[in-house]
Amino acid sequence: MGALPVFRWRLAPDGYATRRQLRALGLRPGGQPVAAQLERPRRRRGPLVAYLYRVDLAVPVRPMTPARRAALERANRARRMCPKCRRDAGYVIPAALGCCVPCAYPDPHGSEGSTL
């Protein structure tokens, strides 16, 4: 198997698309291998690389079923639960903190805050 064709940024021929571009068209790669890559040069660092897939081999996105929707809601709810206080934080808990912001940085003056 030969090397992948490499195109400069914004100069890929028609018929190729990134994953995001496929998704915008309601498609997914569907198991096909990477067909080409884009490279965007950068100063003092390696180039940015984007992988391209053939649009003609892409397949439609699988529909969202009620069971998949429920599983996705449970997974997102679990990402919002603080392991320390066991409350829904209302946002995805940052992995760097490992808990909600009030648990990570408790207020030394109590919940009321400073009275100055």
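I took a salt bridge to be a side-chain nitrogen of Lys or Arg within 4 Å of a carboxyl oxygen of Asp or Glu. By this rule I count 2 salt bridges. The model is predicted, so I kept the limits in view: local features need pLDDT of at least 70, side-chain atom pairs count only at pLDDT 80 or more, and totals for chains, interfaces and linings use all residues. Residues are numbered from 1 along each chain as its sequence is written, and side-chain values use heavy atoms, without hydrogens and water.

**Salt bridges.** I looked up Arg54 and found Asp56 as its partner, with the closest N and O atoms 2.7 Å apart. For exposure I used relative accessible area with a 1.4 Å probe on protein chains only: buried is under 20%, exposed is over 50%, partly exposed is in between. Arg54 is partly exposed at 34%, whereas Asp56 is exposed at 56%. I then looked up Arg80, which forms a salt bridge with Asp88 at 3.2 Å, N to O. Arg80 is partly exposed at 24%, and Asp88 is partly exposed at 40%.

**Strands.** I used DSSP runs numbered from the N terminus: helices are H or I with at least four residues, strands are E with at least two. Two strands pair if DSSP finds at least two bridges between them. E4 (residues 36-42) runs antiparallel to E5, with 6 bridges. Glu39 sits opposite Val49 of E5. The E4-E5 hairpin has 2 residues between the strands, and Arg44 there has a positive phi near 60°. E5 (residues 45-54) also pairs with E2 (residues 16-17), antiparallel over 2 bridges. Ala17 has Tyr53 as its bridge partner in E5.

**Thr18.** Where does Thr18 lie? I found Thr18 in the loop between E2 and helix H1 (19-24). Thr18 is buried, at 16% relative accessibility. I counted contacts as heavy atoms within 4.5 Å. Leaving out residues up to four places away in sequence, Thr18 touches Ala50, Tyr51 and Leu52.

**Pocket.** On a 1 Å grid over the protein atoms alone, a pocket is an open set of points where a 1.4 Å probe fits, with protein on both sides within 12 Å along at least five of seven lines; lining residues have an atom within 4 Å of a point. The largest pocket has a volume of about 180 Å³, taken as the space filled by probe spheres set on the points. Its lining includes Thr18, Ala50 and Leu52, and also Trp9 and Arg10.
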